[in-house]
Amino acid sequence: MVLAVKPQDAVGGATGLDENESRRLLRIVSQTRTIKRHVELFQMMQGEIQFFLPHQILMSAWGDLRGGHLKFDVTSALPGMRTAQLDNLH
């Protein structure tokens, strides 16, 4: 996906972001294209994205919602917060 938005286009308007924040957000979005491994996602989530989305845990789910066949992932720097811990929940 190519994002064809200039930072100045997003200033004010619906986003409510100033020019620096818009540039920052566009930089983060463009970096997501290069993520290939879980550790790269972890590093991104611990970095600049914290400005827009402060968090300690990112939980993801995908799969066959109707059939109940879901896969989960946890990304966190907190001790003990790992994807394998979710296996104990069901």
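The hairpin of β1 and β2 has four residues between its strands, and within this hairpin Gly68 takes a positive phi near 75°. The two strands run antiparallel and are joined by eight bridges; for the record, strands are taken to pair if DSSP finds at least two bridges between them. Two of the cross-strand placements can be spelled out. Ser60 stands opposite Asp73 in β2, and Trp62 has Lys71 in β2 standing opposite. As a reminder, side chains in a regular strand alternate between the two faces of the sheet.

This is a predicted model, so local features need pLDDT of at least 70 and side-chain atom pairs count only at pLDDT 80 or more, while totals for chains, interfaces and linings use all residues. Residues are numbered from 1 along each chain as its sequence is written, and side-chain values use heavy atoms, with hydrogens and water left out.

Zooming out, the secondary structure of the chain comes to four helices and two strands, where helices (H or I, at least four residues) and strands (E, at least two) are DSSP runs numbered from the N terminus. Read from the N terminus on, the elements go α-α-α-β-β-α. Of the 90 residues of the chain, 17% count as buried. Here buried means under 20% relative accessible area, exposed means over 50%, and partly exposed is whatever falls in between, with a 1.4 Å probe and protein chains only.

Now for the charges. Side chains of opposite charge can pair when their charged atoms come close. The working cut-off for a salt bridge is a side-chain nitrogen of Lys or Arg within 4 Å of a carboxyl oxygen of Asp or Glu, and a search of the whole structure turns up three of them. One joins Arg23 to Glu19, with the closest N and O atoms 2.5 Å apart. Both residues of this pair, Arg23 and Glu19, lie in helix α2 (residues 19–31), four residues apart, or about one turn of the helix. Arg23 is partly exposed because its relative accessible area is 39%, and Glu19 is partly exposed too, with a relative accessible area of 35%.

Another salt bridge runs from Arg24 to Glu48, the closest N and O atoms being 3.0 Å apart. This pair links distant parts of the chain, 24 residues apart: Arg24 is in helix α2, whereas Glu48 is in the loop between α3 (38–46) and β1 (57–64). Arg24 has a relative accessible area of 26%, so Arg24 is partly exposed; Glu48, at 24%, is partly exposed as well. Glu48 also forms a salt bridge with Arg27, and there the closest N and O atoms are 2.6 Å apart. That pair likewise links distant parts of the chain, with Glu48 in the loop between α3 and β1 and Arg27 in helix α2, 21 residues apart. Arg27 is partly exposed, with a relative accessible area of 40%. Through shared partners, the salt bridges join Arg24, Arg27 and Glu48 into one network.

Arg24 has an aromatic contact as well. Its charged end sits over the ring of Phe51, 4.1 Å from the ring centre; the criterion is NZ of Lys or CZ of Arg within 6 Å of the ring centre and within 35 degrees of the ring normal. Phe51 is partly exposed, with a relative accessible area of 41%, and Phe52 counts as partly exposed at 27% relative accessibility.

Ile57, Met59 and Met81 make a nonpolar surface patch of about 270 Å². Patches are made of residues with over 30% relative accessible area and no salt bridge, joining like charges within 9 Å and nonpolar side chains (Val, Leu, Ile, Met, Phe, Trp, Tyr) within 5 Å. Accessible areas come from the Shrake-Rupley method with a 1.4 Å probe, and for residues only the protein chains shown count as cover. Met81 lies in the loop between β2 (69–76) and α4 (83–86) and counts as partly exposed at 36% relative accessibility. Met81 and Gln56 are 25 residues apart in sequence and 9.7 Å apart in space, C-alpha to C-alpha.
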